[in-house]
Amino acid sequence: MLSEVLLVSAPGKVILHGEHAVVHGKVALAVALNLRTYLRLQSHSHGKVNLNLPNIGIKRAWDVARLQLLDTSFLEQNDVTASTPEQMQKLKEVAGLPEDCADHERLAVLAFLYLYLSICRKQRALPSLDVVVWSQLPTGAGLGSSAAYCVCLAAALLTVCEEISNPLTDGEPSGRWTAEDLELINKWAFQGERVIHGSPSGVDNSVSTWGGALRYQQGKISSLKRPPALKILLTNTKVPRSTKALVASVRNRLLKFPGIVAPLLTSIDAISVECERVLGEMAAAPTPEHYLVLEELIDMNQHHLNALGVGHTSLDQLCQVTMAHGLHSKLTGAGGGGCGITFLRPDVEGSTVEATRQELTSSGFDCWETSIGAPGVSVHSAASLDAPIRQALEGL
């Protein structure tokens, strides 16, 4: 059992192209977002497992001795099916959560317990641990916050139980696991996502594990050659929306106007494929022309998404504000509000970015300057983390 403090981070995700079309068998491109979730795990001998999630105000503790007495055979791995209602019922009993506990809080605790008991039950004795998870990602915004949480938990628990080795070498600021270890992390993170979402696609946890950019089509996930990190503004309109309702509305429009909507979906597919080709070229040698093509693709896709009926006045406002500054934006994810991304060419002046950000913030939106194509799950030395992140993890 590792005794030192383990510091792990994993990125969120945005859909670059292909949202909604992916539901109809088309290509989607998902990229790692460099807003990250951070986890601090410390082994103890105090006989407790403590979970602290400061973003959602959760602090829970369980007696290891009590957990040790549980019959955990109900957690036998079955890769084919999601966690069963019986397993969930057992976990709820173990968790001992109050009746009025909010849904997202309950699911975050259940996913932790599921991964802790499933991964650590092979140990002679369950480990006493303090676990703190803090995130830069807003929850419920379609940015893969739950996947980043599950990826961090899986990586840290597998490492502390010595199922995989800690890749951090002395003097290095950060380390990445081997491809084989990442496969295992991803497999367990997917199980955690199942606890939270029921039947997720596996895209979010794959992007968070591997980083960079991924292509997804009809259940098949493949990594793209790592393009250069692309700078973006990420804007959360904070307009709530139902992904389920938006997906259903596109399906209804396709049934009503098949001759119009089917070609739109084919066209969005072509945008994704063209973007994939451009990113492939940029992995070797990015040119100014490449960035201009990416901007054109963003504009075309946004118009297509509006034609599918998943736009929103808040997203129109985002596009108008950024266009006035010579920048190009599109919605990302389900649409109908939610988040949008604004592409920042390398030659865009810092003053332009700042003026745009201020204008969007004064419209009541949340706005971050960040990048996409970020590294996947990583382990860090304490010294390499910014002070605010260290303080959040140390509960200061």
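User: Hi! Which residues line the second largest cavity?
Analyst: Hi! In this predicted model, the lining is made up of Leu16, Val31, Ala213, Pro227, Pro228, Leu230, Leu279, Ile372 and Gly373.

User: Okay, and how do those divide into nonpolar, polar and charged?
Analyst: Eight are nonpolar, one is polar and none is charged. The space inside this second largest cavity is about 30 Å³.

User: How many cavities of 30 Å³ or more are there?
Analyst: The count is two. The largest cavity holds about 40 Å³ of space.

User: What lines that one?
Analyst: Its lining has Leu16, His17, Leu230, Cys275, Leu294, Ile298 and Phe343. Strand S1 (6-17) and helix H9 (288-308) are the elements that give two or more residues to it.

User: Switching to pockets: what volume does the largest one have?
Analyst: About 1,600 Å³. There are 46 residues lining this pocket, and Lys13, Gly142, His197, Asp204 and Thr243 lie nearest its centre.

User: Which elements supply at least two residues there?
Analyst: Quite a list! Among them are S1, strand S2 (28-44), helix H3 (103-120) and helix H7 (243-256). The lining of the largest pocket has 21 nonpolar, 18 polar and seven charged residues.

User: And the second largest pocket, what's its volume?
Analyst: That pocket has about 200 Å³. Its lining includes Arg40, Lys59, Arg60, Asp130 and Glu394. Strand S3 (48-53), strand S4 (58-63) and S5 each supply at least two lining residues.

Terms used
Residues numbered from 1 in each chain as written. Predicted model: local features only at pLDDT ≥ 70, side-chain atom pairs only at ≥ 80, totals over all residues. Heavy atoms only, no water. 1 Å grid on protein atoms, 1.4 Å probe; cavity = no way out; pocket = protein on both sides within 12 Å on 5 of 7 lines; lining within 4 Å. Points joined across faces, edges and corners; volume = space filled by probe spheres on them. Helix = DSSP H or I, 4+ residues; strand = E, 2+ residues; numbered from the N terminus. Nonpolar A, V, L, I, M, F, W, Y, C, P; charged D, E, K, R; others polar.
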